Amino acid sequence: MSALSSPSAAAARFTGRPVTGARPLTGSLTEVTLDDGRAVVVKRGDGAGAARAEAAGLRWLAESGTVGIPAVHGDDEHWLVTDRVAQGRASARAAVRFGRDLAALHAAGAPAFGAAPPGGPGDAWIGLAPMRNVTGTDWPSWYAEHRVLPYLRRAVDAGTVGPAEAADVERVCERLPDLAGPAQPPARLHGDLWSGNVLWGADGRVHLIDPAAHGGHRETDLAMLRLFGCPHLDRILDGYRDTAPLADDWADRVGVHQLFPLLVHAVLFGRGYAEQALTAARAALRRAG
């Protein structure tokens, strides 16, 4: 058990400053005010190594000098302390800049598909679900073996997806070499880029939090942005394409890239997400002919 028994104790240790106040934000997040007036966010890790994995991901993304990332003050097995992002309004101008920054982040690259951030564990997390970072040399086989199929098996074991339904997803995995589009080098991914992890800062920039960072296919982050919606998404994509053009048919592959997060959500939250995953799989098979 961590010797740091509270968010305030974690904030004091990792910032080296006395604490003057604390305000819970969620069950696992606390805003802590320091004696110099600054605010930090203290997060309690939900699983073994989760805080360290997230800290490594934040540092890796920040190292690229591209997207806005809150500074990490410190972490241990149970706690993560970062700067508090002062939030503002979503704007088209900030969206275009974010798109350009995201393209630059992806271009910063990764050693391999499935590569963990430097210092990050192989056994990491995406939200509340475990996510194993195992490297591969080509995206289709790596994505099938280490992202889609592990969660499909868990969903079947839990009875959330039926065996006959699972066959549709398995067929997509078999067809991935044909469905994946032009080969891409490993990109430096946020990895859990839904709108809740996109903070529109008071400084006019977008800042990203809660990564499941790894080496992957750049279209995966874009597919995540589309999965649950994001303000000014069209402008984000405009900015992205200004910096790194996308293949003309990239949007046809969105459902393939969404299979992973949808199956993760099916494991965590049940049948509704399983049905969305099956719909995406069947649509991909229809396009494949």
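Guide: Start with the whole chain. Buried residues account for 52% of its 289 residues. Keep in mind that this is a predicted model. The fold holds nine helices and eleven strands. Its C-alpha trace spans about 65 × 45 × 35 Å along the principal axes. A compact globule with 289 residues would have a radius of gyration near 19 Å, and the chain has 19 Å, so the two agree.

Now the contacts. Take those between residues at least 6 apart in sequence: 67% of them join residues at least 24 apart. The chain exposes about 12,500 Å². Carbon and sulfur atoms supply 50% of that area. As for charge, there are 30 positive and 32 negative side chains. The centres of these two sets lie 3 Å apart.

Now the close look. My pick is the loop between strand S8 (187-189) and strand S9 (198-200), where Ser195 lies. Is Ser195 buried, exposed or partly exposed? Its relative accessibility is 23%, so Ser195 counts as partly exposed. Which residues does Ser195 touch, once neighbours within four places in sequence are set aside? They are Phe228, Gly229 and Cys230. Phe228 is 33 residues away from Ser195 along the chain. Yet the C-alpha atoms of Ser195 and Phe228 are separated by 6.8 Å.

What about disulfides? A disulfide is a covalent bond between the sulfur atoms of two cysteines. The test here asks for a pair of cysteine sulfur atoms within 2.5 Å. By that rule the count is zero.

Move on to His232. Its place is in the loop between helix H6 (218-227) and helix H7 (233-243). His232 counts as partly exposed, because its relative accessibility is 34%. Its backbone deserves a look. Most residues other than glycine have a negative phi. His232 is not a glycine, but its phi is positive, at about 55°.

Asp210 shows a positive phi as well. The value is about 50°, and Asp210 is not a glycine either. Find Asp210 in the loop between strand S10 (206-208) and strand S11 (214-216). With a relative accessible area of 23%, Asp210 is partly exposed.

Past H7 comes one more loop. It runs between H7 and helix H8 (254-269), and Ala251 lies there. Ala251 counts as partly exposed, since its relative accessibility is 36%. Trp139 is 112 residues from Ala251 along the chain. The C-alpha atoms of the two are separated by 18 Å.

Compare that with another pair. Arg93 and Arg205 are also 112 residues apart along the chain, and their C-alpha atoms are separated by 9.0 Å. Arg93 lies in helix H3 (residues 92-107). Its relative accessible area is 77%. The cut-off for exposed is over 50%, so Arg93 is exposed.

Ser64 gives another link across the sequence. Look for Ser64 in the loop between helix H2 (50-63) and strand S4 (72-75). Leu105 is 41 residues away from Ser64 along the chain, with the C-alpha atoms of the two separated by 6.2 Å. Setting aside neighbours within four places, Ser64 is in contact with Leu105, Ala108 and Arg188.

Last, a strand residue. Thr82 has its place in strand S5 (residues 79-83). At 9% relative accessibility, Thr82 counts as buried. Residues up to four places away aside, Thr82 touches Val40, Val41, Leu58, Pro70, Ala71, Val72 and His73.

Now return to the loop we began with. Ser195 is partly exposed.

Technical notes
Residues are numbered from 1 along each chain as its sequence is written. This is a predicted model: local features need pLDDT of at least 70, side-chain atom pairs count only at pLDDT 80 or more; totals for chains, interfaces and linings use all residues. Side-chain values use heavy atoms; hydrogens and water are left out. Helices (H or I, at least four residues) and strands (E, at least two) are DSSP runs, numbered from the N terminus. The radius of gyration is taken over C-alpha atoms; the globule rule is 2.2 Å times the number of residues to the power 0.38. Buried means under 20% relative accessible area, exposed over 50%, partly exposed in between (1.4 Å probe, protein chains only). Contact means heavy atoms within 4.5 Å. Accessible areas come from the Shrake-Rupley method with a 1.4 Å probe; for residues, only the protein chains shown count as cover. Lys and Arg count as positive and Asp and Glu as negative; His and the chain ends are not counted. The place of a charge is taken as NZ of Lys, CZ of Arg, CG of Asp or CD of Glu.
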